[in-house]
Structures are given as C-alpha cells and as structure tokens.
Amino acid sequence: MNFVFVSLQRINTDRESTSTSLAKELSKNHRVLYVNPPIDRRTRLNETTQDKFTQNHIKEIRYGLEPLKKVDHNLWALNPPTMIESINWIPSTILFSFLNFYNNKRLAGDVKEAISAIGFQSFIIINDKDMFRSFYLKELLRPKLYIYLDRDYTLGFDYWKRHGTSLEPKLMAKSDGVVCNSLDFKKRAARFNPNSYYIGNGGGIQEDIALTSLVKPDILKQLKGTIIGYVGVLTAHRLDISLIERLATHFRDASLVLIGPEDDEFKRSNLHNLENVIFIPKKDKNEIPAYVYYFDVCINPQVVNEITLGNFPLKIVEYLAMGKPVVATTTNTMEEVFSRHTYLASTPDEFIRKIQVALNEDTPQRADERKIFSRQFSWRNVTDELLKAIHDIERNGKK
C-alpha cells in the first residue's frame with residue numbers, strides 16, 4: 001500500500017510524534033510520503049516563531065531547492081513549496097471555509113506533484129489532526145481512503161476552537177474512518193463516524209536505550225537525595241503548577257527535576273524561587289533515557305480539563321519502559337489503561353501520599369513488571385492495529 005501523511009508535526013525534527021512514528025513504521029513494508037506542514041504568510045514574516053526546522057523550510061522555498069527528499073528506502077518527506085495564507089483570525093467560519101478551500105488547493109497541488117514524482121498510482125491519506133489545511137484533501141486528491149487520526153484534544157486551545165468546533169466533527173463525518181489513540185477519543189469520534197477505532201499509542205524510549213549511554217548527567221550528579229522527575233512540555237494548559245509547587249514544598253529534601261520548554265505561566269511561576277526545583281531545557285530524545293534512568297519516581301501532575309481528561313499521555317509509557325514508579329493525576333485514560341501499573345491521585349494530599357508509597361514499594365521485580373507491561377505499546381503493535389482498522393474500513397465500503 002501507499003500512504004500519504006499530512007500532519008501538524010514535522011518529520012525532520014529532534015522529536016517524534018504519533019504521525020512520524022507511524023509513518024516510519026509503515027515504511028518498513030509500504031511506501032510512505034510524509035507532508036510537512038506548509039508555511040503560511042504569518043510564519044514566514046514572524047521570525048521569532050520560527051524554529052530551525054521551519055527556518056530551513058523557508059530557505060528551501062526562497063532558494064528554490066528541491067522540496068521532495070527521500071528519507072529512507074520507502075519513505076519520502078515533502079516540504080511544500082507553496083505558501084498558504086494566514087486566515088484563522090477570520091471570525092466567520094463560513095468565510096474561513098471559503099478561503100481555506102484555496103489554501104487546501106495550494107497544498108494539494110504540491111502533494112500531487114510529489115505523488116507523481118514518486119509514482120503512487122493509488123494511496124491512503126492519514127490526516128493527523130490537520131483539520132484546516134487538509135480539510136478538503138479528500139475531494140481534491142481523491143485517495144483510495146481518507147483516514148483521520150485523532151490523537152489529541154486540540155479544541156481546548158483557542159486557535160483550534162474558533163473554527164474547529166464546527167469543522168472537526170464535519171471532517172470526522174466525511175472521512176472514511178477515524179483512528180484514535182485513546183478510548184475517550186474513540187467514543188467521541190463514534191458520534192460522528194461509525195468507522196471509529198481505538199489503535200492505542202506507542203513509545204520509543206525502550207528502543208533508544210541500547211543506543212544511549214546511561215551515564216548520569218552532570219546536573220543530576222550535583223543533586224542529593226530523592227529525585228522526582230517530569231519530562232515534557234511545561235505548559236499550564238496541561239500541568240497543575242500549584243500541585244507541583246505543593247510537591248516541592250512538601251518534599252524539601254528531594255529534588256524536583258522538570259525537563260522541557262516552559263510556557264509563559266511556568267516562566268512567571270513561583271517554582272523558580274524554590275531551591276529544590278530544577279529546570280532543565282528541552283533535551284534531544286536520545287538524551288532523555290539517561291535522565292529518566294536516575295529519577296527515583298516519575299510524575300505527571302496534570303490539571304484535569306477538556307484537554308487532558310481523555311488524552312493518552314505517551315510519557316507514561318516511556319517512564320514505565322524504564323521500569324520507573326509513576327505517580328499521575330487520575331484521568332479517564334490513566335484509569336482505563338494504566339491503573340494496574342501506576343499510582344493515581346485526585347488531590348494534592350493523595351498525590352503526596354502516592355509518591356511516598358511508590359518510593360517505599362519500588363523493587364526490581366516491580367520494575368521488571370512495568371517494563372514488560374510497556375512493551376505492548378510498541379509502534380509495531382499500533383501500526384498493526386491501524387492496518388486492521390484500514391482493512392475493516394475497506395470491507396465496510398468507502399464513504
């Protein structure tokens with residue numbers, strides 16, 4: 001089979017995502033074109049928002065470099081050369097949709113050229129949450145199947161809420177199928193499309209361990225006592241800053257290590273005034289195991305809201321793959337998927353108690369049990385579930 005991925009994430013970055021991991025796994029046995037997000041006018045003009053990968057994309061457009069690159073034997077990456085317009089500020093969804101069609105048409109033109117160059121005769125589109133720029137690609141590209149990948153609740157963010165509240169359900173409904181990485185997302189998708197499937201989620205940290213030196217990082221060598229650790233984006237949309245502060249003040253003899261980029265609320269928070277809270281900037285994915293390996297307990301202190309309630313926190317798989325005890329905020333997914341192998345808490349006091357219990361109960365046997373449990377969340381397994389869903393959708397008939 002031939003696959004075309006459209007996504008909010010780039011494949012040529014220092015971090016993996018659901019779509020990039022699925023694309024790479026599928027390319028072991030199928031041909032895959034991965035379409036990086038196109039450049040819009042606002043991004044091109046606003047240099048402060050550009051990471052190095054976006055900057056490289058813009059340079060390729062400016063100098064007319066070849067946009068299609070072969071990444072691996074069966075995997076190609078496309079940096080769309082056509083700029084699209086920044087239109088999300090438009091208040092009317094009707095007007096937005098009219099103009100969005102022309103953005104889709106520009107992207108579709110670039111994709112058609114890439115498909116022709118590779119030689120795809122037919123293909124399946126996997127749309128990873130690109131609900132605006134790829135809304136009309138089913139009509140414009142006429143794929144064999146159009147599959148929507150629902151792996152995050154983006155409608156909780158203002159950017160997506162304005163038009164996505166009405167457009168995402170319509171996109172789900174007209175897709176040939178919806179595949180979801182959480183049971184909650186499957187329940188929601190099934191309201192709009194009967195061809196909705198749970199495929200789970202994957203974690204790659206266990207595959208990286210053999211390639212990574214687990215020498216203790218210098219910054220951790222300076223710390224004494226217990227290390228309570230978190231890895232991921234530090235954003236108030238997902239994390240409970242007051243809970244983290246409560247943990248730091250209670251476990252004064254421990255170090256609370258937070259690894260990842262901070263949003264403005266974290267940067268302004270009182271956490272920076274606490275001596276035992278250690279902020280470490282974002283690390284390359286290959287460096288992360290060396291940090292997690294030396295954590296005594298890993299945490300996911302989420303704030304419970306519409307963004308997090310049904311979300312599948314991939315970091316839990318990565319913590320467990322290292323055999324680490326995990327304490328996390330109680331959410332639907334945590335209870336449904338991880339409750340047997342993690343410690344869940346609904347209040348700050350309970351979170352504090354569970355951290356102490358996790359430390360007290362940790363043994364090599366429990367660590368091995370966590371590692372074994374985490375192996376079911378491999379990208380190979382997730383890809384197998386995706387292919388099963390595709391075959392089922394084909395049997396049910398294209399919409």
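**Close-up views of a predicted model**

**View 1. D176 and K138 pair up through their side chains.** The side chains of D176 and K138 form a salt bridge, 3.2 Å from N to O. By salt bridge we mean a side-chain nitrogen of Lys or Arg within 4 Å of a carboxyl oxygen of Asp or Glu. D176 sits in the loop between α6 (158-174) and β7 (177-180), and K138 in helix α5 (residues 137-141), so this pair links distant parts of the chain, 38 residues apart. Both D176 and K138 are buried; buried stands for under 20% relative accessible area, exposed for over 50%, and partly exposed for what lies in between (1.4 Å probe, protein chains only).The model is predicted, with local features needing pLDDT of at least 70 and side-chain atom pairs counting only at pLDDT 80 or more, while totals for chains, interfaces and linings use all residues. Residues are numbered from 1 along each chain as its sequence is written, and side-chain values use heavy atoms, with hydrogens and water left out.

**View 2. D150 forms a salt bridge with R188.** The closest N and O atoms of this pair are 3.1 Å apart. D150 belongs to strand β6 (residues 145-150) and R188 to helix α7 (residues 183-190), so the bridge ties together parts 38 residues apart in sequence. Helices (H or I, at least four residues) and strands (E, at least two) are DSSP runs, numbered from the N terminus. D150 and R188 are both buried.

**View 3. E85 meets R41 in a salt bridge.** Here the closest N and O atoms are 2.7 Å apart. E85 is in the loop between β4 (75-78) and α4 (93-118), while R41 is in helix α2 (residues 41-45), so the pair ties together parts 44 residues apart in sequence. E85 counts as partly exposed at 27% relative accessibility, and R41 is partly exposed too, at 37%. Zooming out, a search of the whole structure finds 25 salt bridges, and D128, R151, D152 and R238 are linked in a network of them.

**View 4. An open sheet of 8 strands has mixed pairing.** The strand order is β3-β4-β2-β1-β5-β6-β7-β8. The edge strands, β3 and β8 (196-198), each pair on one side only. Two strands count as paired if DSSP finds at least two bridges between them. From one strand to the next, the twist averages 25°. Helix α4 lies across β1, β2, β3 and β4, running at about 155° to β2. Axes are lines fitted to C-alpha atoms, for helices over the stretch in contact, and angles run from 0 to 180 degrees between N-to-C directions.

**View 5. Helices α4 and α6 pack at an angle of about 80°.** Their axes are 10 Å apart. The two helices are therefore roughly perpendicular to each other, on a scale where angles under 35 degrees count as roughly parallel, over 145 as roughly antiparallel, 65 to 115 as roughly perpendicular and the rest as oblique. T93, F96 and S97 of α4 make the contact with R162, H163, S166 and L167 of α6; contact means heavy atoms within 4.5 Å. These residues divide into 2 nonpolar, 4 polar and 1 charged (nonpolar: Ala, Val, Leu, Ile, Met, Phe, Trp, Tyr, Cys and Pro; charged: Asp, Glu, Lys and Arg; polar: the others, Gly among them).

**View 6. An open sheet of 6 strands has parallel pairing.** The order is β11-β10-β9-β12-β13-β14. β11 (277-280) and β14 (343-345) stand at the edges with a single partner strand each, so one side of each is left without a neighbour in the sheet. Neighbouring strands are turned by 25° against each other on average, direction ignored. β13 (residues 326-329) and β14 run parallel and are joined by 3 bridges, where T329 has A345 as its bridge partner in β14. Helix α10 (residues 241-250) packs on the sheet, touching β10 (255-259), β11, β12 (297-300) and β13, at about 145° to the direction of β10. Helix α15 (residues 348-361) lies across β9 (227-231), β12, β13 and β14, running at about 170° to β14.

**View 7. L314 lies in helix α13 (residues 314-321).** L314 counts as partly exposed, at 23% relative accessibility. Leaving aside neighbours within four places in sequence, L314 is in contact with N201, G202, G203 and W379. L314 and G203 are 111 residues apart in sequence, yet 6.5 Å apart in space, C-alpha to C-alpha.
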